[in-house]
Amino acid sequence: MKLNSIFRKYGIIIVLTVLIVAFGIGNKLFFTVSNFINIIRQISILGIITIGMSFVLISGGIDLSVGSQLSFIGVVTATMFTKYDINPLLACSIGILIATLVGTMNGVFIANTKVPPLIATLAMQQILLGLGYIISKGKPIYGLTQSVKFIGQGHIGPIPTPIIILIIFIVIGSFVLNKTYLGRYFYAIGSNDEVARLSGINVKLVRTLAYAMCGFLSGIAAIIMMSRINSGSPTVGSGFEMDVLTAAVLGGVSVSGGEGKIFGAMVGALIIGVLSNGLIIMNVSEYYQMVIKGLVLACAIAFDSVNNKKMQSNAL
Amino acid sequence: MNNENLLSLKSITKSYSGVTVLDNVSLDIRKGEVHALVGANGAGKSTLIKAISGAIIPDKGKIIFEEKEYNSMSPQLSSSLGIAVIYQEFNLIPSLSVAENIFMGNRLDNSRLVNFKKLEEKANEILKHFSIDIKPSQKVKGLSVAYMQIVEIAKALTRNIKLLILDEPTAPLTNVEVDVLFDLINSLKEKGVSIIYISHRLEEIFGISDRVTVLRDGKKVVTLNTQETNRKELIGHMINSEVGEEYPTRAAKYGEVLFEAKNLCGKGFKNINFKVHKGEIFGISGLVGAKRTEIVRAIFGADKLSSGEIIFEGNNVMLKSPYDAISKGIAMIPEERKSQGVILNLSIKWNLTIAIVRNISKLFVVNLKKENEVVDEYKNVLSIKMSDEGQRVSTLSGGNQQKVVLSKWLASKPKLIIFDEPTRGIDVGAKKEIYNIINRLADDGIGIIFISSEMDEMIGLSDRMIVLSEGEIMTELNKEEFSKLEILNFASGNK
């Protein structure tokens, strides 16, 4: 029991350490400062969306449309640059606003119908995927203004800009969850929405806010992604929701709601980053990587589910 | 009817975690009789039926069915012996046809395919007995409740049944439908089927049954020939004349009218009128199915009212959500503590402040200092036993969980508190503490609406009460008019 509770608390960090050591022994290139910065830069987009997904998961939902949002918002924003020559700052803001609206629509739809979030956001995923293809005619949109490059490729001092943005949102995200009553409400509705409602919480509104915030963060991530690959690509986010979910669940955010911390989710994102990076360095093909990540997600969810059952039986 | 016994129960005893729900109950059911089972809430009727159907295994006792002795039943065994139970909740698949439901789990022949024509013909044969118009091909979801019940009974009749148990069968039925059901019962009886009939509508018991057994607090009180008894005698047997718990006495001094319900109508209840004064404990009494919980939930804004007015502190108020009710100063301790009262996986602290955390926040940010003050204040008011306030509520005992719910609402400084079964499932010591708290709150001038299924509690605590039966007020009683006999008489539908 003691070992079990230690593992529950620090297991994720142990897993991360083991992975790092293993890859370090496997390949010398892995164990370098530049590679570590590289890993963190690579996961900054994943990390930002994972914060949003954590809000949604903690409040008892799930958002499968985040990957499509990544593509769609990139395409829309890139189109604003190339076709309509809109001021970069304004274009990016509109992009993020649209993402927030998409999230809000997810939330309003889920909160007001009895459609399971899994299905509702799956529908949104498909809609956005299609819209992205329509707008881009299926091809990446090139020709972005040089000034936006800074967001995805620039540095502030020695640190890459995406990492700075990630850190800002980790701080804000943790603040919202731990210090504001909105954070409490997320945990409350994710744990038991009937008690929450009977305690005077506007469950529909809070639920919608969680999805809206997830949309907002996906929008931010989409701008970084667009800037990093220097184009608006309609396919860049395909399957990204899997990585996001895996990171969150690995980090102890429960798919059944009411549990989780931003810190844990970020360690989860790091594990995904280390895993991808290490596997690439060790020349494991992309197809095998998919299989491995799928297995990791399955294990993480199984662990979460077993844990949940244990807690429920403890409660009785 | 002959005097041969179909079923005999001998000294059936069952207890759950130390609480005896059936205590040495012995009962004979004769062949071809309608045997009614009556008793107040918690008398043990449902448990007794479960012992017969095999849903539970008795701790002690014997079940003799057709002269064979069994220590316990199982659902398979009871069904193979010809025992069928029709519960209040139906066991039908709405998207399938009447015929398919009737023969659910029964193969007509050895073919791998279903012969729908044959199925429907067979179903028709059974349905013919009921002299009502149901097409076997009709989907169940389109049927009225009464017809669903008949399908449920028809399902039982596909087997060769000897004992049919009906648990509150008439609760959802209209008068005409009750007549249909009674015709059916009588025709089954003529065929020699025995029927156990549970209902809290005493007039029905006199209309349909041959004998009646009264249960009280898990014990059998008496079995009588229905023709040789009357309503008053039955009720007399149903109530416990001993004085139960000691209830803290209190000189009720109540002030002006705080709350008034005017003609409230909603899910299952209508024309509810009552007033609650400041400092008054106002009881809402009734049997299971009287819609007590539905009424208070609607008052609290948790469910919709279809019409009626609520006047609070002299103003006509619209309470569309619990939020509205809370902001007016109304709190509700709900019936189901674990699913509606506390959030089990969150900390005691967060549970205590969940209803007011918004009020102690500035620009969304929770003032942790203020929160700690609130927690410190209220955890001591009710002396919740805990190691620290970060502890999950799931680790607390039932009584302490209930105190968390109470504290959470006290922290919102309410003017009216609704207590719906506040003592259910908690130990005797904690119960007493809760009585004292309720009295103290009333002494402080808070209006209290109190619901309990324990009659002693209702009488011991309330200053005034209304008695409901099936969603309507039967009477309003003042403290000096309280008597178990009166209350039960009204609660079982006698105006």
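The structure is a predicted model, in which local features need pLDDT of at least 70 and side-chain atom pairs count only at pLDDT 80 or more, while totals for chains, interfaces and linings use all residues. Residues are numbered from 1 along each chain as its sequence is written, and chains are lettered from A and ligands numbered from 1 in the order in which they are written.

Between the two chains, 21 residues of chain A are in contact with 24 residues of chain B (two residues are in contact if their C-beta atoms, placed from the backbone, lie within 7 Å). At least two residues of this side of chain A come from each of α8 (181-191), α9 (193-198) and α13 (286-315) of chain A. Helices (H or I, at least four residues) and strands (E, at least two) are DSSP runs, numbered from the N terminus. The most is given by α8(A), with six residues. Sorted by class, the side of chain A that touches chain B holds eight nonpolar, eight polar and five charged residues. Here Ala, Val, Leu, Ile, Met, Phe, Trp, Tyr, Cys and Pro count as nonpolar, Asp, Glu, Lys and Arg as charged, and the others, Gly among them, as polar.

Within chain A, helix α4 (residues 88-112) packs against helix α5 (residues 117-136) at an angle of about 145°, and their axes are 10 Å apart. Axes are lines fitted to C-alpha atoms, for helices over the stretch in contact, and angles run from 0 to 180 degrees between N-to-C directions. The crossing of α4(A) and α5(A) is right-handed; a crossing is right-handed if the near helix is turned clockwise from the far one by less than a right angle, and left-handed if anticlockwise. On the α4(A) side the contact involves A:Val102, A:Asn106, A:Phe109 and A:Ile110, which meet A:Pro117, A:Ala120, A:Thr121, A:Met124 and A:Leu128 of α5(A). This contact of α4(A) with α5(A) has seven nonpolar, two polar and no charged residues.

Chain B is assigned domain 1 (5-238) and domain 2 (257-491); the bounds come from an automatic or database domain assignment. The centres of the two domains of chain B, taken over C-alpha atoms, are separated by 36 Å. Eight residues of domain 1 of chain B are in contact with eight residues of domain 2 of chain B. On the domain 1 side of chain B, these residues divide into four nonpolar, four polar and no charged.

An open sheet of six strands in chain B has the order β16-β19-β20-β13-β21-β22, with mixed pairing (two strands pair if DSSP finds at least two bridges between them). Because β16 (330-333) and β22 of chain B stand at the edges, each with a single partner strand, one side of each is left without a neighbour in the sheet. The twist from one strand to the next averages 20°.

Strand β21 (residues 464-469) of chain B is mostly covered, six of its six residues being buried. A residue is buried if 20 or more other C-beta atoms lie within 10 Å of its own, exposed if 12 or fewer, and partly exposed in between, with C-beta atoms placed from the backbone. In a regular strand the side chains alternate between the two faces of the sheet. In β21(B), B:Arg464, B:Ile466 and B:Leu468 point one way, and B:Met465, B:Val467 and B:Ser469 the other way. Strand β13 (residues 281-286) of chain B runs parallel to β21(B) and is joined to it by five bridges. B:Phe282 has B:Arg464 as its bridge partner, and B:Ile284 has B:Ile466. With strand β22 (residues 472-478) of chain B, β21(B) pairs in the antiparallel sense over six bridges, and B:Arg464 stands opposite B:Asn478. The hairpin of β21(B) and β22(B) has two residues between the strands, and B:Glu470 takes a positive phi near 45°.

A further hairpin of chain B is formed by β11(B) and β12(B), with two residues between them; B:Gly268 in the turn has a positive phi of about 85°. Strand β11 (residues 257-266) and strand β12 (residues 269-277) of chain B run antiparallel and are joined by six bridges.
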